Amino acid sequence: MIPLTVILLASLSPLLAILLILLGVVVVRQRRRIGRLLVEARHDPLTGLPNRRGLEVHWSGAQEEMSLILIDLVGFKAVNDSHGHIVGDTLLKQVAQRLAAAVPPPGLIARWGGDEFAAAVPRDCTDKQMALFDNALTMAFDLSEGGGPAHVRIGARTGISDGESQLPSAVRSAARGLLEAKAER
């Protein structure tokens, strides 16, 4: 059986058939390009994690109530300052991998910026999630491949949203908690 598109193209003039085929190729390529651009716009290029835009998309599409946890790395600046940005980037990638492994679906970990990460987790799993983050960050990180010290330990300060359903409100709430945690040290 001959496909309908082949029959239609055969009945057109050769020039028009070629133009339609070329138009189809352009449309397919543009769709792929748009898809790649959307991925790039919603992901951090260093860690591969979703960025703020990716977090917004996830938060707005969540089927259950979520909590937001902001995670600020303690000791990262010292690694970056004493060993350089390449070693700092290596550390950020390792932290991102550990945090991502600690957040099961429907949760999401995102790079918030600099040495901060944000996690959207189901509201009823917040305490369990905090324990998973603590566990993920207590082990030493191996930076020998980046030219840094063989192992480094970092900590984290966190701020948690207090039941906000809109992401901007949750961010403000978690940021307040993060500032309080920073002030305690």
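**Note on the predicted model**

1. L20 is partly exposed, since its relative accessible area is 40%, and the residue belongs to helix α2, which covers residues 14-41. Please keep in mind that this is a predicted model, and that the values discussed below are computed from it. L20 is also one member of a nonpolar patch on the surface, formed by L15, L16, I18, L19, L20, L22, L23 and V27, which together have about 730 Å² of accessible area.

2. Strand β1, residues 66-74, is mostly covered, with eight of its nine residues buried. This strand pairs with two others. With strand β3 (residues 116-122) the arrangement is antiparallel and is made by seven bridges, and within that pairing L68 stands opposite A120. With strand β6 (residues 155-160) the sense is again antiparallel, over six bridges, and here V74 stands opposite G155.

3. How many residues of β3 are buried? Seven of the seven are, so strand β3 is largely enclosed by the rest of the structure. Besides its pairing with β1, β3 is joined to β2 by five bridges, and these two strands also run antiparallel, with I109 standing opposite A119 of β3. Strands β2 and β3 form a hairpin that has two residues between them, and G114, which sits in the turn, has a positive phi of about 55 degrees.

4. Helix α6, residues 126-138, contains 13 residues and reaches 18 Å from its first C-alpha to its last, which is close to the 18 Å expected at 1.5 Å a residue. Its buried residues are T126, Q129, M130, F133, A136 and L137. Why do these residues lie on the same side of α6? They cover an arc of only 125 degrees around the axis, and this puts them on the same side of the helix.

5. E65 lies in the loop between α3 and β1 and R123 in the loop between β3 and α6, so the pair ties together parts that are 58 residues apart in sequence. Are these two residues buried, partly exposed or exposed? E65 counts as exposed, at 54% relative accessibility, while R123 is partly exposed, with a relative accessible area of 26%.

6. D72 and K182 also form a salt bridge, with their closest N and O atoms 3.8 Å apart. Here again distant parts of the chain are linked, D72 being in strand β1 and K182 in helix α7 (residues 167-184), 110 residues apart. D72 is buried, because its relative accessible area of 4% falls under the 20% limit, whereas K182 is partly exposed, with a relative accessible area of 31%. Both residues take part in a network of salt bridges that links D72, E116, R157 and K182.

7. Finally, F141 is found in strand β4, which consists of residues 141-142. Is F141 buried or exposed? The residue is buried, since its relative accessible area is 0%. The C-alpha atom of F141 is separated by 9.5 Å from that of T90, although the two residues are 51 residues apart along the chain.

How values were computed. Residues are numbered from 1 along each chain as its sequence is written. This is a predicted model: local features need pLDDT of at least 70, side-chain atom pairs count only at pLDDT 80 or more; totals for chains, interfaces and linings use all residues. Side-chain values use heavy atoms; hydrogens and water are left out. Patches are made of residues with over 30% relative accessible area and no salt bridge: like charges are joined within 9 Å, nonpolar side chains (Val, Leu, Ile, Met, Phe, Trp, Tyr) within 5 Å. Accessible areas come from the Shrake-Rupley method with a 1.4 Å probe; for residues, only the protein chains shown count as cover. A salt bridge is a side-chain nitrogen of Lys or Arg within 4 Å of a carboxyl oxygen of Asp or Glu. Helices (H or I, at least four residues) and strands (E, at least two) are DSSP runs, numbered from the N terminus. Buried means under 20% relative accessible area, exposed over 50%, partly exposed in between (1.4 Å probe, protein chains only). Two strands pair if DSSP finds at least two bridges between them. The expected span of a helix is 1.5 Å times one less than its number of residues. The arc is that of the directions from the helix axis to the C-beta atoms.
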